[in-house]
2 protein chains.
Amino acid sequence: MTRGIRRSSGPLDQRAQAVLRAVIDEYITSAVPVGSQLLVERYRLQVSSATVRAILAELEAEGLLSHPHTSAGRVPTDAGYRFYVESLMGEVPLSAIEQLTIRHQFGQVEFATDQWFRLAATTLASATHSAGIATPAKPRAAQIRRFELISIGDRMASLIIVLNEGTLKQTLFALAPGTSDADLEEAVRRLNASCAGRSAADVAEHLRWFDHAPPDDAIFTLVRRAGDRALRLLREFDAASVEQLFSDGLLNVMAAPEFASSEKLRRVFEALENRAYFAELFDTVTVDGGLRVYIGRENRPDEMADVSLVLAPYGRPGAAVGFVGVLGPTRLRYPQAIGTVRFVSGLMNDLVDHLYT
Amino acid sequence: MTRGIRRSSGPLDQRAQAVLRAVIDEYITSAVPVGSQLLVERYRLQVSSATVRAILAELEAEGLLSHPHTSAGRVPTDAGYRFYVESLMGEVPLSAIEQLTIRHQFGQVEFATDQWFRLAATTLASATHSAGIATPAKPRAAQIRRFELISIGDRMASLIIVLNEGTLKQTLFALAPGTSDADLEEAVRRLNASCAGRSAADVAEHLRWFDHAPPDDAIFTLVRRAGDRALRLLREFDAASVEQLFSDGLLNVMAAPEFASSEKLRRVFEALENRAYFAELFDTVTVDGGLRVYIGRENRPDEMADVSLVLAPYGRPGAAVGFVGVLGPTRLRYPQAIGTVRFVSGLMNDLVDHLYT
DNA sequence: ATCTGGCACTCGCGGTAGTCGAGTGCCAAC
DNA sequence: GTTGGCACTCGACTACCGCGAGTGCCAGAT
């Protein structure tokens, strides 16, 4: 996990760690390179600034801090943040009052499953003053409860698939001329008879049976075509989890001084628009299931080099999994961000759990 | 419509109009204040730069152009753009090849009604190199086709409302302990018996009848509670058209030089996040139904002072209406933007029409 | 051995001054 | 009414300079 940081000399002594922590705490709030003088004054270190300078030099040699230029203060490196997150900082849980507020907001949409993840993103954004991101919980293997076919006008129908947990999928469907409502009903009856209660993969198998139906039987044709369309829809559904990635509060990130130039900002936006990286992340996070932090260049796409990501899965590993997280400058308030993400992912967990018990 | 522009002297003569047009054409592509010299060289005006200067001064007096400072070139005012849009420019239709590409893309999602408006926004963004915005077509008065109640676990159910054109609404629903599937079926049967085929308002009326049911009858209670929830959902549905406003390609707007400062940009983002203004616009656009252009300060919220909006409704006036549009700097390529919006709104019209015939 | 005070050095930042040139407005002549 | 000429304006760019925060190093104190 520590990705080859700290290759030289012995472990940092207590004092060096305290200084590192002070530097990062300070930089996170001020966004200004921090110097030895200020550290001594503000953090009650019981040594002189000269000593602190020596320690800073040491930390820099370790690759935990860096220097914008000779006569400037120190700035944490990605490795520095990494060490901070893993060993130095204390996670700050959300305050009781904030927890209450958030619970209340979720109470408002308790029954609107499709709103949960949006609210999660919004909540995370406003609680951390960064961008919040979230995806809906996607069932691992969709199971079909039932089909419905509803006519619209003369030549169209709406094909509805009811999945487990009451999730719905819907698509339009062109009808052959002269198809009656009775035909539709009969087609649905057969479709349900052979597919209801099965998984998508199973359904694919069972529908193959209809392929050999006599081509002149209108109802069989209808069933087959509906089945084909349903399968296509289910395949899309499988692929489309990241597609629904919802983000909120990007404005908060824009406000950070490091993004004033608007060029870096654009790159971040591009990364967010191109979901590929997130798709990849989600895959890896699922594996061991905990909250994860990705700092600056640890994110492989260059566009993400200046931001950090705190990401946590929620849901039931075997059944349905989604993600919530926070995205902000590498100079993120990690203790709060992590505490908040942990809280919200827990909340989402409870909501999903409720669906399965 | 011309909003009190041009209060002084007579109408602009041909030559002045040609110059105005040249200035705006030039400024739209270069984003740099344009001077008399350049106009003469690049636009083959058959007069000297001194003459052009006189004309420019005249146009400025009319309020159509302005001067960043004494020794700079001219920049169009909002009024100037307005005149340009209404009298000067030629609308540029989308090229045949682009039309084909777009049609093809829409063909891909022909049956996924809920994707249409997103694709519209994306298409508009990439075709105009600005931001594209779109809302789904919202039925004026939702009509209920049918209810469904599906149990999830022991204590939850999913309540589904099928609306006209196959639109779906879904919500969770907590069950009283011991409710059997048979109870659910019976409740749905009664619900459908009294409500199917009615409008939301009608349904509200009919459900009142259940209020006087004996409180100890489990099924009646179930029906009443389901009905209440359905009504709440329908009310939300009525309010939630702008809520689904989808935008794409904001990156394109970010790239414009006038937004390099990132401060103006933030304000635009804020305006987009706060949907109030759009809600208002949509109301007024519906009334007379054509494509409309809103230039700079013509948009009342200050945040929108630096951007223009090209907006067009689509759908069937009596039945379902949505919006598509383009948002960019006031220095928008109006001829192309308007042509593109017109094309896409036409396309969306056809799609919706297909649903109703 | 380690810490400390002192000191020379570095270098970005902010302000001032000077130059350049695109563009203007005006005017006298055509 | 149009044109060439001309003085003028003013932002953009460059160069320069002084300030000061911050560093690294060293010799002496603890």
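Modeller: A quick definition to start: Ala, Val, Leu, Ile, Met, Phe, Trp, Tyr, Cys and Pro count as nonpolar, Asp, Glu, Lys and Arg as charged, and the others, Gly among them, as polar. This is a predicted model, where local features need pLDDT of at least 70, side-chain atom pairs count only at pLDDT 80 or more, and totals for chains, interfaces and linings use all residues. Residues are numbered from 1 along each chain as its sequence is written, while chains are lettered from A and ligands numbered from 1 in the order in which they are written.

Colleague: How many charged residues does the surface near DNA strand C have?

Modeller: Near means that the C-beta atom, placed from the backbone, lies within 6 Å of the strand. By that rule 20 residues surround DNA strand C, with A:Val47 and B:Gly35 among the closest. They divide into 8 nonpolar and 10 polar residues, and the charged ones number 2.

Colleague: Which element gives the largest share of that surface near DNA strand C?

Modeller: Helices are DSSP runs (H or I, at least four residues) and strands likewise (E, at least two), numbered from the N terminus. Two or more residues each come from α3 of chain A and from α2 and α3 of chain B. The largest share, 4 residues, comes from α3(B).

Colleague: And what gives the most to the side of chain B that touches chain A?

Modeller: Contact means C-beta atoms, placed from the backbone, within 7 Å. Chain B brings 29 residues to it and chain A 30. Elements giving two or more residues on the chain B side include β5, β6 and α11. The most, 5 residues, comes from β7(B).

Conventions:
Two residues are in contact if their C-beta atoms, placed from the backbone, lie within 7 Å.
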